[in-house]
Amino acid sequence: MSVLTMLTGCGFHLRGSLEIPPSLNPVFIQAPAGSPVRQAFDDRLAGSDVRLAASPAEARLIVRILSEERSSRVVAVDANGKTLAYELHYLVQFDAVGPDGVQRVSRQSMDLIRNFDNPDVEVLGKQLEEELIYQDFAADAADRILMRLRAALIAS
C-alpha cells in the first residue's frame, strides 16, 4: 500500500483507458505505408476501450496522419569542421474527420526536437542510437496526438 502511495505521489499513474467519446468508436488511423506513428498508435490503443476499424467505411472517426518528416541540422562543429552534434527533428501533421468528411479536429502539426551528440567513436552505435531516437519520436507523437484528440473531442 505504501509503495502505491509513493508512486502516486511522485506523479506515476498506470495507463488508463483513453477518453474518446464512445459515439466515435471505432476509429480508423489513416497513415502512409510503414508509418512509425501508425505503429505507435496500434501499440497505444491495444488493450484500451478504443477500437480500431479495418477500413474508413466502418469508422466513426478517421485520424489522418498527413505527413511525417525526419530532418537534422548541424548545431556544433570542431575546429576541423567535424560535426560534433546534430539537432534531430520529427515533424508530424495530422487531422481528424468524421465518416461524412466533416472535420472534427483541424489540421495540426508538431515538431519534436532532440539534440544528438556525434563523437568520433562508436559510429555504428550512434547510428542505432539515432534510429532509436526517431522511434521514440514516433511514440511521443502518437501520445501527443491522442492527448490533442481527447481534448478537442471532449470539448466539442
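Two strands count as paired if DSSP finds at least two bridges between them. Strands here are DSSP runs of E, at least two residues long, and helices are runs of H or I, at least four, all numbered from the N terminus. With that, on to the model.

It is a predicted one: local features need pLDDT of at least 70, side-chain atom pairs count only at pLDDT 80 or more, and totals for chains, interfaces and linings use all residues. Residues are numbered from 1 along each chain as its sequence is written, and side-chain values use heavy atoms, without hydrogens and water.

Start with the sheet. Four strands make an open sheet, ordered E1-E2-E3-E4, with mixed pairing. E1 (27-30) and E4 (103-117) are the edges; each has a single partner strand, so one side of each lacks a neighbour in the sheet.

Now the pairs. E1 and E2 run parallel, joined by four bridges. Phe28 sits opposite Ile62 in E2. E2 (residues 61-77) and E3 (residues 83-97) are antiparallel, over 14 bridges. Ser72 has Leu88 in E3 as its bridge partner. Glu69 stands opposite Leu91 in E3. What is the phi of Gly81 in the hairpin of E2 and E3? Positive, near 85°, and the hairpin has five residues between the strands.

Is Arg44 buried or exposed? Buried, because its relative accessibility is 17%. The cut-offs: buried is under 20% relative accessible area, exposed is over 50%, partly exposed is in between, with a 1.4 Å probe and protein chains only.
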